[in-house]
Amino acid sequence: MEREDIFNKLNEIFEDVLDLDETPNLTDETSADDIEEWDSLSHIQLIVAIEKAFKLKFTSSEILKWKNVGEMVDTMLTKI
């Protein structure tokens with residue numbers, strides 16, 4: 001799976017979980033500060049949805065290291 005494919009699927013997941021009116025168009029630099037609906041509770045919901053959609057599991061230490069979507073995608077690429 002290519003980075004672009006991951007971003008396309010993540011856009012759908014974020015739109016669905018965060019109940020956004022439009023696709024967020026995520027980039028490597030996108031963080032919770034950029035999306036008003038992305039709070040601590042929705043962060044957990046996003047992680048669960050991403051793990052389910054991509055059939056993978058993140059460790060707590062991996063999750064805590066992420067500062068933006070790009071770092072999450074980098075972790076995902078090592079697991080896919």
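**Entry 1: Asp-28 and Arg-3**

I started with the pair Asp-28 and Arg-3, which form a salt bridge with their closest N and O atoms 2.6 Å apart. This is a predicted model, so I read every distance here as a computed one. The two partners sit in distant parts of the chain: Arg-3 belongs to helix α1, Asp-28 to the loop between α1 and α2, and 25 residues separate them. I then looked up how open each one is. Asp-28 comes out as partly exposed, at 30% relative accessibility. Arg-3 is partly exposed too, with 26%.

Which residues are joined to this pair in a network? I found Asp-74 there: salt bridges with shared partners put Arg-3, Asp-28 and Asp-74 into one network.

**Entry 2: the other salt bridges**

How many salt bridges does the structure hold? I get four. As a reminder to myself, side chains of opposite charge can pair when their charged atoms come close.

Next I looked at Glu-62 and Lys-79, whose closest N and O atoms lie 3.3 Å apart in a salt bridge. Glu-62 is in helix α3 and Lys-79 in helix α4, so this bridge ties together parts of the chain 17 residues apart in sequence. Lys-79 is partly exposed, with a relative accessibility of 33%.

Then I checked Glu-51 and Lys-57, which meet through their side chains in a salt bridge at 3.9 Å, N to O. Is Glu-51 buried or exposed? It has 12% relative accessibility, and the cut-off for buried is under 20%, so Glu-51 counts as buried.

**Entry 3: the nonpolar core**

I moved on to the inside of the model. The largest nonpolar core has 21 residues. I noted those with the most contacts inside this core: Leu-10, Phe-14, Ile-50, Phe-54, Val-69 and Met-76. Helices α1, α2 and α4 (69–79) each supply at least two residues of the core. Which element gives the largest share? That is α1, with five residues.

I took a look at one of its members, Asp-21. Asp-21 sits in the loop that runs between α1 (3–17) and α2 (40–54). Its relative accessible area is 81%, and the cut-off for exposed is over 50%, so I put Asp-21 down as exposed.

**Entry 4: positive phi values**

Last, I went through the backbone. Most residues other than glycine have a negative phi, and I wrote down two residues that go the other way.

Where is Asn-25? I found Asn-25 in the loop between α1 and α2. Asn-25 is not a glycine, yet its phi is positive, near 55°. Asn-25 counts as exposed, with 57% relative accessibility.

Lys-55 also has a positive phi, about 55°, without being a glycine. Lys-55 lies in the loop between α2 and α3 (60–65). At a relative accessible area of 74%, Lys-55 is exposed.

Note on methods
Residues are numbered from 1 along each chain as its sequence is written. This is a predicted model: local features need pLDDT of at least 70, side-chain atom pairs count only at pLDDT 80 or more; totals for chains, interfaces and linings use all residues. Side-chain values use heavy atoms; hydrogens and water are left out. Helices (H or I, at least four residues) and strands (E, at least two) are DSSP runs, numbered from the N terminus. Buried means under 20% relative accessible area, exposed over 50%, partly exposed in between (1.4 Å probe, protein chains only). A nonpolar core is a set of buried Ala, Val, Leu, Ile, Met, Phe, Trp, Tyr and Cys residues joined through side-chain atoms within 4.5 Å.
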